[in-house]
Amino acid sequence: MMHDGILPYHVVDIKRPRKGEINFLPENPEGMDDCNLEASRQVLVNERMKTKPNGSLIKKEMAMTFALRRKSC
């Protein structure tokens, strides 16, 4: 619905995917399979539940499990 040439807010705020962004599924890291990545993801989840999570461990696990987390979306 357009009133007086003004688009509704929900139409304006839609982010359009860029070229190549739609079907991007990275490969698993070399030497890792889905089972290993799931175990790493679980370590990440447990670390985030801690009162004082280890930032460097979280950063490492996030980088390692990116492909698995991308597939599950």
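Predicted model: local features only at pLDDT ≥ 70, side-chain atom pairs only at ≥ 80, totals over all residues.
Reader: What makes up the protein, counted in helices and strands?

Author: The protein has 4 helices and 0 strands. Read from the N terminus, the order of its elements is α-α-α-α.

Reader: Why is Ser 40 called buried?

Author: A residue counts as buried when its relative accessible area is under 20%. Ser 40 has a value of 11%, and it is therefore called buried. Across the protein, buried residues amount to 14% of the 73 residues.

Reader: Which residues are in contact with Ser 40, leaving aside its neighbours within four places in sequence?

Author: They are Met 32, Glu 61, Met 64 and Thr 65. A contact requires heavy atoms within 4.5 Å.

Reader: How do you know that the span of helix 2 is close to the expected one?

Author: Helix 2 comprises residues 34-49, which is 16 residues. From first C-alpha to last it reaches 23 Å, whereas 22 Å is expected at 1.5 Å a residue. The two values are close.

Reader: Why are the buried residues of helix 2 said to line one face?

Author: The buried residues of helix 2 are Leu 37, Ser 40, Leu 44 and Glu 47. Viewed down the helix axis, they fall within an arc of 75 degrees, and therefore they line one face of helix 2.

Reader: Which exposed residues does the face turned away from the buried side of helix 2 carry?

Author: That face carries Cys 35 and Met 49. Exposed here means a relative accessible area over 50%.

Methods:
Residues numbered from 1 in each chain as written. Heavy atoms only, no water. Helix = DSSP H or I, 4+ residues; strand = E, 2+ residues; numbered from the N terminus. Expected span 1.5 Å × (residues − 1). Buried < 20%, exposed > 50% of the residue type's maximum accessible area, 1.4 Å probe, protein only. Arc of directions from axis to C-beta.
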